[in-house]
Amino acid sequence: MTDRGLASTQPGKFWVCPECDLLMNRRAIPHQHEAHCPRCQSLIVSSKRHSIEWTLALGIAGLILFFPANLFPILTLTTLGLSQSETIFMSVTALYDSHLYAVSALVLMSAIVVPLMKLLLMTYLSGCLLFHKPAPLLSWAMRSYQQLDSWGMLEIYMLGILVSIVKLVDVADVTPGIGLYSLTGLIIVTLLTSTQLDRHRFWRRIEQLERR
Amino acid sequence: MQHSALTRGIIICHCCEKPASIKQDGQTCPRCGTHIHRRKRHSIAYTWALLLASMIMLIPANLLPIMTFKSLGKGDPATIMQGVLQLLEHDMLGIALVVLTASIIIPVLKVVGLIILLLTVQLGWTTNMRQKMLMYHFVEWIGRWSMLDIFVVAILAAIVQLGSLASVTGNTGATAFAAAVIFTMLAANCFDTRLIWDKHLEKLEVFP
């Protein structure tokens, strides 16, 4: 067992599958290729071309779309001359008015706060990495992004909108607003960000910047 | 030849996946500043606790009404299942199936899946490992989609506010349901999949 000593003195020369703990020799991954664990098939590295540039561009696009998606009505309901519009924040206040305080806080977090935080963190982080600016809180930003990742639920909110439209078809006329189109764009941007993000490259760049 | 990194003296950071020597177990990661542990700490106990909590919350979530749809002054509070049945009455089979899947089938499947994974680790089962990994990834990915019903209640409560003509309010079942979903998501996060493979690797390395 000669590699035992080697492995523990040079941990950087190896890859470890985060899902099944398989030890592998580290090797270079060409752009646009993925490395999967030979044993459990989990994704180990996904190398993207221009990952940092893409993330910055998508982050800025997301921030631009975030405001119309939240300020303009998503749906408008009209029946017998009465009409009512809805924004994401109004669904939070409606739950609050129904005395469901915990649930309204959860919707506020998962549909407004977390998506905004994710966009801000990614724009800040990829901006600093792109211009090689050693800035404070870089590793904190990346860590927070990873932790927040699964708590942003805009795509599920979107499915909720579709279910609501179908439920209301019999009751009244439902018309989509500018908010709905912006929200669709925002969801596409968010999904693209998570596919274009090369986590390993981001962490390596953060390490280089913080060492200076 | 397959080796477990742990038996070769290597551990990795949970957060940034930087490899480290086993001597750094319990110290902070030099790259991201989180504590490095060889395995997620108390993974089995935390997962069981959160899973039990979500199983308990699923009972009120299904028995209590989640919303009241009032039209021209008529309408009673409805539970999740009654909501699905109402959709069926209006001949909306597709959407009824979506709601049924997201709100009833997925939460139950998630609980069953996590119980199987926990028993796998605790009883040392070493068969069908890849299927179990697939099951874990499925449970982890699908968990958030159960929030669908909560968002539907939120959207309807916001938009259907036409005074006495039609109105929607949320009811306490929604809190229980949201709690059940959150607990299963946290339970899946606490589970360390490497524990499934540890036994398997022990056998491989003892009998190469």
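How many disulfides does the count come to over all chains? In this predicted model, the count over all chains comes to zero. Cys17(A) takes part in no disulfide, and its nearest cysteine sulfur, which belongs to Cys40(A), sits 3.6 Å away. A disulfide calls for two cysteine sulfur atoms within 2.5 Å. Cys17(A) counts as buried, with a relative accessibility of 0%. In chain B, the closest cysteine sulfur to that of Cys15(B) is the one in Cys32(B), and the 3.8 Å between them is too far for a bond. Cys15(B) is likewise buried, here with a relative accessible area of 10%.

Chain A as a whole comes next. Its secondary structure comprises eight helices and seven strands. Chain A is more spread out than a compact globule, because its radius of gyration is 22 Å, well over the 17 Å that the globule rule gives for 212 residues. Along the principal axes, the C-alpha atoms of chain A fill a box of roughly 80 × 40 × 35 Å. Of the 212 residues in chain A, 52% are buried. Among the contacts in chain A with a separation of 6 or more, 60% involve residues 24 or more positions apart.

Over all chains, the structure holds 10 of them. One of these links the side chains of Asp21(A) and Arg39(B), with an N to O distance of 2.7 Å. This pair joins two chains, since Asp21(A) belongs to the loop between β1 (14-16) and β2 (23-25) of chain A, while Arg39(B) belongs to the loop between β2 (19-21) and α1 (43-63) of chain B. Asp21(A) and Arg39(B) are both buried. A network of salt bridges links Asp21(A), Arg39(B) and Asp198(B).

A further salt bridge brings together the side chains of Glu155(A) and Arg144(B), at 3.0 Å from N to O. Here too the pair crosses between chains: Glu155(A) is in helix α6 (residues 154-168) of chain A, and Arg144(B) is in the loop between α4 (129-142) and α5 (148-159) of chain B. Glu155(A) and Arg144(B) are both buried. The side chains of Glu207(A) and Lys18(B) also form a salt bridge, at 2.6 Å from N to O. With Glu207(A) in helix α8 of chain A and Lys18(B) in the loop between β1 (10-12) and β2 of chain B, this pair joins two chains as well. Glu207(A) has a relative accessibility of 17% and therefore counts as buried.

Helix α8 of chain A (residues 199-211) also contains Arg201(A). Arg201(A) counts as buried, at 17% relative accessibility. Apart from its neighbours within four places in sequence, Arg201(A) contacts His31(A), Ser47(A), Lys48(A), Ser51(A) and Ile52(A).

Turning to chain B, an unreviewed UniProt entry lists residues 45-67, 95-121, 142-162 and 174-191 under "transmembrane region". In the model, residues 95-121 of chain B are 100% helix and 0% strand, with the end C-alpha atoms 38 Å apart. Residues 142-162 of chain B are 62% helix and 0% strand, and their end C-alpha atoms lie 35 Å apart.

How values were computed:
Residues are numbered from 1 along each chain as its sequence is written. Chains are lettered from A and ligands numbered from 1 in the order in which they are written. This is a predicted model: local features need pLDDT of at least 70, side-chain atom pairs count only at pLDDT 80 or more; totals for chains, interfaces and linings use all residues. Side-chain values use heavy atoms; hydrogens and water are left out. Buried means under 20% relative accessible area, exposed over 50%, partly exposed in between (1.4 Å probe, protein chains only). Helices (H or I, at least four residues) and strands (E, at least two) are DSSP runs, numbered from the N terminus. Contact means heavy atoms within 4.5 Å. UniProt positions are given in the numbering used here, feature names are shortened, and annotations may be inferred rather than shown by experiment. The radius of gyration is taken over C-alpha atoms; the globule rule is 2.2 Å times the number of residues to the power 0.38. A salt bridge is a side-chain nitrogen of Lys or Arg within 4 Å of a carboxyl oxygen of Asp or Glu.
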